[in-house]
Amino acid sequence: MILKNVKYILSAPNKKYWLPDDKKEICIVGRSNVCKSTFINKITNNKNMAKTSKTPGLTKYLNFFDVDNKFLLVDTPGYGYAKASIQKDESFAKMMDEYLSSRKNLVCVIMIIDSKIGFSSDDLLLLELIKHYHLNLQLICSKFDKTNQSQRHFLKKQIQEVCNEQIFKNTIYYSSFDKNVDNIIQRILDIYQNSKA
């Protein structure tokens with residue numbers, strides 16, 4: 001299963017470049033080096049859909065993708081490094097605050113965290129912003145195949161502590177090599193079909 005007919009539309013350096021808000025929108029957030037671009041390429045079955053780089057924090061703008069002319073995916077800049085951290089980059093923080101607070105067609109935020117690390121301080125800051133604006137959240141834990149039993153226990157305990165029961169229950173543990181990608185795509189489609197903009 002893949003998301004069909006996905007097309008890159010544009011990169012928006014600020015609000016005036018955002019696409020019209022007449023389609024439901026799902027955005028994807030995550031710290032730098034959490035494999036966010038690889039994730040997008042996987043669910044679209046296109047290794048060139050989102051640019052990947054050995055240099056963390058390459059994405060600087062909001063990247064808009066149209067999915068089958070039905071809804072939009074938005075790839076956001078990675079954070080957690082000096083040049084793209086919520087704590088250290090005011091322009092990034094302002095951009096994310098403006099987007100999350102004013103995008104009326106935003107129906108869900110997909111947050112990807114590293115299973116080996118859990119929630120970083122920057123993840124927690126963004127999580128608080130998502131909660132503040134009462135946005136729907138889908139949590140995905142990447143690199144799950146690279147964790148041991150102790151790391152998995154810590155991860156699940158941390159999720160229970162910082163997220164509500166529904167988010168914990170719906171958390172998807174993901175490896176780019178397993179078949180769980182089908183579950184993720186189905187969840188994205190369910191969010192699109194069942195949510196109200």
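Student: What average pLDDT does the protein chain have, and how many of the residues score at least 70?

Tutor: This is a predicted model, and confidence should be read before geometry. The protein chain averages a pLDDT of 88, with 88% of the residues scoring at least 70. Over residues 53-58, however, the pLDDT is below 50, and this stretch has five contacts in the model beyond near neighbours in sequence. Where pLDDT is low, the predicted coordinates should not be read in detail.

Student: Which pattern does the protein chain follow along the sequence?

Tutor: One lists the elements in order. The protein chain contains six helices and seven strands, and their order reads β-β-α-β-β-α-β-α-β-α-α-β-α. Among contacts with a separation of 6 or more, 74% are between residues 24 or more positions apart. Of the 197 residues in the protein chain, 49% are buried.

Student: How many residues of E5 are buried, and which strands do bridges join to E5?

Tutor: Burial and pairing are best read together. Nine of the nine residues of E5 are buried, so this strand is largely enclosed by the rest of the structure. Six bridges join E5 to E2, and the two run parallel; Ile 28 has Ile 110 of E5 as its bridge partner. E5 and E6 are likewise joined by six bridges and run parallel, and Asp 114 has Ser 142 of E6 as its bridge partner. Between E5 and E6 the chain passes through helix H3 (residues 121-132), and this β-α-β crossover is right-handed.

Student: Turning to H6, which of its residues are buried, and why do they line one face of the helix?

Tutor: H6 (residues 181-194) has 14 residues and reaches 20 Å from its first C-alpha to its last, close to the 20 Å expected at 1.5 Å a residue. Its buried residues are Val 181, Ile 184, Ile 185, Ile 188 and Ile 191. Seen down the axis of H6, these buried residues fall within an arc of 120°, so they line one face of the helix. The face turned away from the buried side carries the exposed residues Gln 193 and Asn 194.

Notes
Residues are numbered from 1 along each chain as its sequence is written. This is a predicted model: local features need pLDDT of at least 70, side-chain atom pairs count only at pLDDT 80 or more; totals for chains, interfaces and linings use all residues. Side-chain values use heavy atoms; hydrogens and water are left out. Helices (H or I, at least four residues) and strands (E, at least two) are DSSP runs, numbered from the N terminus. The expected span of a helix is 1.5 Å times one less than its number of residues. Buried means under 20% relative accessible area, exposed over 50%, partly exposed in between (1.4 Å probe, protein chains only). The arc is that of the directions from the helix axis to the C-beta atoms. pLDDT is the predictor's confidence in each residue, from 0 to 100. Contact means heavy atoms within 4.5 Å. Two strands pair if DSSP finds at least two bridges between them. A crossover is right-handed if, with the strands pointing away from the viewer, the path from the first strand over the helix to the second runs clockwise.
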